[in-house]
Amino acid sequence: MIANYQLRLKDDTGNLVAIVDDWRSLSFSKIVNEVGSLTLTMNGMDAKVSLFALDGQLEVWRRDIGTGVDWYIEWEGFLRTFSHSYDDDGNYEFSAAAVTYNHLLKRRIVGYQAGSTQSVSSGAADDAMKQIVRENLGSLATVINGRVLEGAIAGFSVQADSTSAPAFDGQNSFKNVFELLLEISKATSVDFDVVGVGDGLYEFMTFYPTRGNNLTTVGLDVTTGLNSSGNYPVVFNPLLGNMGLPTYEENRSDEVTFAIIGGQGTETDRNILVLPSPAANDSVLNQIEVYSDSKSSEGNDDLDSDADTILADKQQKQTFEFTPLMTPTSAYANQYYWGDFVTAQFGNLAGVNKRVLQVDITVGDDGKEDITFTLAEYI
């Protein structure tokens with residue numbers, strides 16, 4: 001496939017310094033609720049190499065005239081790794097690696113002492129996530145507010161609270177912010193992301209019940225062609241000409257179906273919560289137990305949150321990988337996009353309804369574009 005790409009290089013404050021239009025290879029990946037990556041290689045003698053600097057920002061703009069997709073930002077992130085090489089043939093090459101803006105969340109911990117108000121999450125999960133970010137990267141990440149050191153990031157904002165998700169309760173002192181948000185996300189199905197909202201400006205956002213659209217065939221009305229969400233479904237199938245090289249795997253080797261959580265107390269007086277997964281009934285032998293120590297919990301709400309996280313993290317992994325083939329009625333960034341839920345079929349698989357969780361794109365110096373999708377719930 002041929003699409004047009006443009007790379008916009010900015011400094012660490014968001015000022016445009018160059019348009020990079022002569023590279024040797026470009027590959028990048030983005031994953032819902034994770035930190036995506038990018039690798040770029042170019043001629044090491046290119047004058048623009050000197051403009052690449054730590055936390056400089058790279059925007060990948062894409063358009064596909066053939067499928068009616070105008071210019072948009074497909075990937076954006078921070079430069080973090082640089083490499084120079086020279087071989088015996090006199091080939092001097094420069095490569096740079098970058099990470100998506102979610103990497104900012106990995107750069108902070110919950111910098112508050114245990115027992116402080118800021119170390120505890122309680123209430124709607126989407127609001128709790130924003131509170132954590134606001135108090136460790138945003139306007140409240142200050143020593144005056146009780147944080148162990150200043151943590152506010154210039155140009156960083158947090159989306160307003162919406163109080164729309166299930167409750168989450170937990171003790172968070174000194175946990176890594178990104179890992180904590182991922183834990184909450186898996187327990188409550190709240191998606192999150194740090195997105196660019198201007199030059200040198202970033203916003204933390206949550207999405208509930210999902211950041212993508214339901215484009216599956218679930219609840220399909222054959223008279224209107226619409227699904228249960230009122231959308232036209234997107235179905236991938238080799239027979240439709242929009243799916244290549246499909247593989248599907250259902251992996252239950254690490255599955256857990258009973259979470260047993262130990263709370264406060266000692267010996268026979270200890271508070272114990274047992275939470276099953278519906279998958280425990282998938283076979284007569286599928287009772288698979290795990291124990292987790294949560295002595296720091298302050299009540300059953302904390303234990304419930306811990307159990308939900310374990311069961312979500314240790315559920316069966318269903319992964320569908322394939323190459324999307326662009327057609328007039330099935331084109332990436334037109335009829336569907338990263339994060340959407342779609343239906344995939346091939347062979348004896350009548351229909352697997354999963355999210356486009358991961359998108360991997362490689363672009364050669366000839367402009368040829370290769371895209372691979374991973375359909376799953378979690379990586």
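Phenylalanine 322 is buried, with a relative accessible area of 1%; buried means under 20% relative accessible area, exposed over 50%, and partly exposed in between, with a 1.4 Å probe and protein chains only. The model before us is predicted: local features need pLDDT of at least 70, side-chain atom pairs count only at pLDDT 80 or more, and totals for chains, interfaces and linings use all residues. Residues are numbered from 1 along each chain as its sequence is written, and side-chain values use heavy atoms, with hydrogens and water left out.

Let me turn to the partner of this residue. Phenylalanine 236 counts as buried at 0% relative accessibility. The ring centres of phenylalanine 236 and phenylalanine 322 are 4.9 Å apart and the planes stand at 50 degrees, so the pair is tilted. Rings of Phe, Tyr and Trp (its six-membered ring) pair if their centres lie within 6.5 Å; planes under 30 degrees apart count as stacked, over 60 as edge-to-face and the rest as tilted. Phenylalanine 236 belongs to strand S13 (residues 235-236) and phenylalanine 322 to strand S18 (residues 317-324), so the pair ties together parts that are 86 residues apart in sequence. Helices (H or I, at least four residues) and strands (E, at least two) are DSSP runs, numbered from the N terminus.

Both residues join a cluster linked by ring pairs, whose other members include Tyr72, Tyr248, Phe320 and Phe373.

How many aromatic pairs does the structure hold? There are 21 aromatic pairs. In one of them, the rings of phenylalanine 192 and phenylalanine 204 have centres 6.3 Å apart and planes at 35 degrees, so this pair is tilted. Phenylalanine 192 sits in strand S11 (residues 191-198) and phenylalanine 204 in strand S12 (residues 201-207), so parts 12 residues apart in sequence are tied together. Phenylalanine 192 is buried, at 1% relative accessible area, and phenylalanine 204 is buried at 0%.

I come now to helix H3. Is H3 largely enclosed or open? Of its 12 residues, 10 are buried, so H3 is largely enclosed by the rest of the structure. Among the buried residues are Val177, Phe178, Leu180 and Ile184. After H3 comes serine 189, with a positive phi near 65 degrees.

Finally, phenylalanine 174 lies in the loop between strand S10 (167-171) and helix H3 (177-188). Phenylalanine 174 has 40% relative accessibility and therefore counts as partly exposed.
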